Amino acid sequence: MAILDILEFPDPRLRRIAKPVDAVGESEKALAESMIETMYDARGIGLASIQVNDDRRVFVMDVSDGHNDPMVFFNPEILERSGEQVCEEGCLSIPGVTADVQRADRVRVRALNLAGESFELEIDGLAAVCIQHEIDHLDGKVFFDRLSPLKRRMLQKRYQKQRQTVQ
Ligand code: NI
């Protein structure tokens, strides 16, 4: 396992689209385990492969209170979505900026776990937000893309300004 570097917006590599894995082998397991470690190190609740510059289709998530129950989703697919919720989202690839994003309240998702077994999960609330946010990353999207053009411009400006101050 290793702590991986997290790409930061506007890195063009965040626009890559992840490719489904044929199977969850040793190398895929190692990637997912390193992603879990990286997510905890960065104090995030989700992390997608694209964010660590790997284009295998996988994300990890831990929305448990104790931050001790990581889940791995290889080749995730949303089968159903229903309802609506607005949640304040942040992103490890866009540090220091958050925004209210509208998404489905409930999703049913199918994926392969760390053992390569298929599972389905129907879930709402924060976990549903996280799953939709991470699948967006696997499709080359960030939460800025979900905002109105005006709001996006405003937040991108704020983000750029903040980065210049830090550097
Ligand atoms: Ni993110």
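Analyst: Strand 1 and strand 2 (residues 58–61) pair in the antiparallel sense over three bridges, where strands (E, at least two residues) and helices (H or I, at least four) are DSSP runs numbered from the N terminus, and two strands pair if DSSP finds at least two bridges between them. Within this pair, Gly46 stands opposite Met61 in strand 2.

This is a predicted model, in which local features need pLDDT of at least 70 and side-chain atom pairs count only at pLDDT 80 or more, while totals for chains, interfaces and linings use all residues. Residues are numbered from 1 along each chain as its sequence is written, and side-chain values use heavy atoms, with hydrogens and water left out.

The two strands belong to an open sheet of five strands, paired antiparallel in the order 1-2-3-6-7. Strand 1 (46–48) and strand 7 (118–124) stand at the edges with a single partner strand each, so one side of each is left without a neighbour in the sheet.

Another residue to look at is Arg13, which is found in the segment before helix 1. Arg13 counts as partly exposed because its relative accessibility is 36%, given that buried means under 20% relative accessible area, exposed over 50%, and partly exposed in between (1.4 Å probe, protein chains only). Leaving aside neighbours within four places in sequence, Arg13 is in contact with Leu7, Ile50 and Asn53. Arg13 and Gly140 lie 127 residues apart in sequence, but their C-alpha atoms are 8.3 Å apart in space.

Elsewhere, strand 4 runs antiparallel to strand 5, and five bridges join them, with Val86 opposite Gln102 in strand 5. Strand 4 has a covered face, made of Gln85, Cys87 and Glu89, and an uncovered one, made of Val86 and Glu88. In a regular strand the side chains alternate between the two faces of the sheet.

Methods. Contact means heavy atoms within 4.5 Å.
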